Amino acid sequence: MVDFKAIRAQFPILDQEIHGHPLVYLDSAATSQKPNAVIDAEANFYRTINAGVHRGAHELAARSTMAFEEARAKVAKLVGANAAEGEEEVVVTGGATAGLNLLATAFGNASLGRGGEAAKRFALKPGDEIVVSRAEHHSVLLPFQELSYRTGATFKWIDLTEDGRVRTDNLDEVITERTKVVAVTHVGNATGAITNIAPIIKRAHEVGSIFILDACQSVPHLKVDFHALDVDFAAWSAHKMYGPTGVGFLYGKRDLLEALPPANFGGSMIEVVRMESSTYMSGPARFEAGTQPVAQVVAAGVAAEWMMNIGLENIEAHEKTIAAELLKLGDVDGIRILGPRENVDRIGTVAFDVAGVHPHDVGQFIDAQGIAIRVGHHCAQPVHRHFGLYASNRASSGVYNSVEDAQALVEAAKGIRKFFGVE
Ligand code: PLP
């Protein structure tokens, strides 16, 4: 049995009052809080071994390189990726947005003929298709929408069911022989719905398309194995999985990473540089131009290890109890949940609309009671349009939340419409 009260006590930020109330943090989909182990790892790196990685002959450089690569291996283990030397499948990025833009830029470079014969599988031209879903965060939608403008490829999307799940009943119509790239979210950041990705991946591969997974909202909450899922690429951020900001990861099947042309150019990613032309390294290094956020990567490795020590199944089961409580928001008069109402194939991220009350007013009213939720469009405007709205309120759980936290929100929510006089 995991003692989740003891786990909560590892998060110093949660031990404070906001507006005279104990802080209830229900905004983990935006960013998670950090346990002492992660905070200490970053500080200790700077205190003891700070140095540039992959260069320099001195001992500190060797130690920081080892810490950096060990962290990569821990993160790889968390998502079922290869980490053995020469077979690494996890690239360090500045975050999920950076990783997704890296892919779109690299595909664009391949479309211009860069990367030679091997990169042709990523090249797009007019008549080809890029497919996303309406559930996407803007960080998926926009890099690939832009890629369609740059290459002339057609931009298409899979629509949603009434309760906001990515549809899988018409995949043969949307993903066709002309589809070259499919990019879909694993878990909707607004709806909390877990996408039934198996048939989408199967269909993408059937037509010879690359499949990219946005794993931002799955890796922190569910046991994820990219090999078992058979995704080609996946992007996620460290700061949503109890790690630091400013760093994220991009998974790629090793043969695809070998074939993909780089997107960013500069130091640490080259073999030979001449004035006439240059050659680039293979594997993750090819995509890691410039000085890396070493302290943050090391701390992200500690976050991955910390999660694995608790057990992803335990995290998932614990957050399911919180999701059950949050879903009771749907029983409050005038409140509508945007996303699946039942506690099945979803996580503890629950977006809701309060009839007649603007989300910013809702957010302020809830904040006055020490409860932090997110208001706005959550970088998912097309999802809100699907529900006939521009913005909403969103509560989202983390491993440190208790059922009491969710109950506090539901109790507070009961008073919103009365307070604003719209009952
Ligand atoms: N994808 C999803 C589903 C997200 O929830 C987020 C962050 O909110 C992103 C992508 C972008 O992540 P980041 O802002 O860390 O780059």
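This short talk goes through the ligand site, the pockets and the cavity of the structure above.

Please keep in mind that this is a predicted model, in which local features need pLDDT of at least 70 and side-chain atom pairs count only at pLDDT 80 or more, while totals for chains, interfaces and linings use all residues. Residues are numbered from 1 along each chain as its sequence is written, and side-chain values use heavy atoms, with hydrogens and water left out.

Let me start with the ligand. Its shell, meaning residues with a heavy atom within 4 Å of it, consists of A96, T97, H137, S139, N189, D214, C216, Q217, S237, H239 and K240. If we count Ala, Val, Leu, Ile, Met, Phe, Trp, Tyr, Cys and Pro as nonpolar, Asp, Glu, Lys and Arg as charged, and the others, Gly among them, as polar, this shell has two nonpolar, seven polar and two charged residues.

For polar contacts, which here are pairs of N or O atoms within 3.5 Å, a polar side-chain atom of T97 lies 2.6 Å from an oxygen atom of the ligand. The side chain of Q217 places a polar atom 2.7 Å from a ligand oxygen, and an N or O atom in the side chain of H239 is also 2.7 Å from an oxygen atom of the ligand. Taken alone, the ligand exposes 390 Å², of which the protein buries 85%, with areas from the Shrake-Rupley method and a 1.4 Å probe.

Where does the ligand sit? It sits in the second largest pocket, in the sense that more than half of its atoms lie within 2 Å of the grid points of that pocket. A pocket is found on a 1 Å grid over the protein atoms alone, as an open set of points with protein on both sides within 12 Å along at least five of seven lines, whereas at the points of a cavity a 1.4 Å probe fits but cannot get out; lining residues have an atom within 4 Å of a point.

This second largest pocket has a volume of about 210 Å³, taken as the space filled by probe spheres set on the points, which are joined across faces, edges and corners. Of its 19 lining residues, H137, S139, C216, Q217 and K240 lie nearest its centre.

The largest pocket holds about 310 Å³ of space, and among its 14 lining residues E69, E85, G86, E88 and P284 lie nearest the centre.

Finally, the largest cavity, with a volume of about 30 Å³, is lined by A135, L160, G164, G188, N189, A190, T191 and V383.

Note on methods:
A polar contact is a pair of N or O atoms within 3.5 Å; within protein, one must be able to donate a hydrogen and the other to accept it, and residues adjacent in sequence count only if both atoms are side-chain atoms.
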